[in-house]
Amino acid sequence: MDGHGDGRQPMLEKGPPSHRERHFTAGEVVRDVIMGVSDGLTVPFALAAGLSGASAPSSLVLTAGLAEVAAGAISMGLGGYLAAQSEADHYKREMKREQEEIIAVPDTEAAEIGDIMAEYGLEPHEYGPVVEGLRRNPQAWLEFMMRFELGLEKPDPRRALQSALTIALSYIIGGLVPLLPYMFISTVQDAMLTSVGVTLLALLFFGYIKGRFTGNRPFLSAVQTTIIGAVASAAAYGMAKAVQAR
């Protein structure tokens with residue numbers, strides 16, 4: 001009888017457990033959302049507080065607030081679009097310049113590959129084949145130089161429009177929060193107090209979420225975000241009261 005005559009199946013060697021890396025890759029979108037919501041919560045909040053301090057009726061505060069949200073969303077969205085478009089244009093200019101250098105001075109550019117590899121602790125005999133491989137593939141060579149020499153990542157061609165829409169929509173969502181009480185409460189002082197409570201809670205929540213996504217301490221981020229919004233609204237309210245008292 002052989003070793004398996006007892007009816008048992010031989011144990012199969014198990015390979016290493018599968019490893020699935022989880023990395024957060026939506027950093028640009030989160031940055032746009034943070035930019036839009038933080039400004040959207042703060043600016044209309046300060047405007048509404050200032051108008052309330054000037055004893056403006058709720059309807060006027062709401063109208064001015066909605067106008068500011070619309071204008072702010074367009075302005076912020078356009079700023080995001082232009083910023084992303086500028087990054088794309090800069091990448092194209094640098095890529096063209098690097099491509100010309102690879103054609104004009106290939107030996108110099110190849111030596112720069114070695115310098116980059118040496119910074120990672122590789123010896124010439126280790127990175128030599130890599131240099132030769134890249135020289136045989138001009139497109140890969142160009143992409144390598146863009147990423148590791150210049151530190152530039154190829155931008156998504158849809159990034160500019162996505163950034164504009166994300167920032168604008170986030171600004172609108174944030175801006176409507178402090179204005180909601182003025183839609184349902186006719187007495188301006190009651191609407192303002194409700195707006196202060198609702199917006200401060202929203203700032204706390206947003207600051208906490210922002211801290212989680214950005215790697216900062218969530219509670220500290222929540223407190224900082226709330227203080228900034230509170231100071232802005234208090235300054236606008238106090239300024240309106242001071243002007244009204246003159």
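Visitor: Why is Tyr208 called partly exposed?

Guide: In this predicted model, Tyr208 has a relative accessible area of 27%. Buried means under 20% and exposed means over 50%. The value for Tyr208 falls in between, so Tyr208 is partly exposed.

Visitor: What makes Phe219 exposed?

Guide: Its relative accessible area is 63%. The cut-off for exposed is over 50%, so Phe219 counts as exposed.

Visitor: Why is the pair of Tyr208 and Phe219 called edge-to-face?

Guide: The ring centres of Tyr208 and Phe219 are 5.3 Å apart, and the planes stand at 65°. Centres within 6.5 Å make a pair, and planes over 60 degrees apart count as edge-to-face. Both conditions hold, so the pair is edge-to-face.

Visitor: Where in the chain do Tyr208 and Phe219 lie?

Guide: Tyr208 is in helix α8 (residues 188–214) and Phe219 in helix α9 (residues 218–245), eleven residues apart. The pair links distant parts of the chain.

Visitor: How many aromatic pairs does a search of the whole structure find?

Guide: The search finds two aromatic pairs. In the pair of Phe144 and Phe148, the ring centres are 4.8 Å apart and the planes are at 35°.

Visitor: Is Phe144 buried or exposed, and how do you know?

Guide: Phe144 has 12% relative accessibility. Buried means under 20%, so Phe144 counts as buried. Phe148 has a relative accessible area of 41%, between the cut-offs of 20% and 50%, so Phe148 is partly exposed.

Visitor: At what angle do the axes of helix α3 and helix α4 cross?

Guide: The axes of α3 (residues 106–119) and α4 (residues 124–135) cross at roughly 140° and come within 10 Å.

Visitor: Which residues meet where α3 contacts α4?

Guide: Among them are Ala110, Ile113 and Met117 in α3, and Tyr127, Val130 and Leu134 in α4. By class, this contact has nine nonpolar, one polar and two charged residues.

Notes
Residues are numbered from 1 along each chain as its sequence is written. This is a predicted model: local features need pLDDT of at least 70, side-chain atom pairs count only at pLDDT 80 or more; totals for chains, interfaces and linings use all residues. Side-chain values use heavy atoms; hydrogens and water are left out. Axes are lines fitted to C-alpha atoms, for helices over the stretch in contact, and angles run from 0 to 180 degrees between N-to-C directions. Helices (H or I, at least four residues) and strands (E, at least two) are DSSP runs, numbered from the N terminus. Contact means heavy atoms within 4.5 Å. Ala, Val, Leu, Ile, Met, Phe, Trp, Tyr, Cys and Pro count as nonpolar, Asp, Glu, Lys and Arg as charged, and the others, Gly among them, as polar. Rings of Phe, Tyr and Trp (its six-membered ring) pair if their centres lie within 6.5 Å; planes under 30 degrees apart count as stacked, over 60 as edge-to-face and the rest as tilted. Buried means under 20% relative accessible area, exposed over 50%, partly exposed in between (1.4 Å probe, protein chains only).
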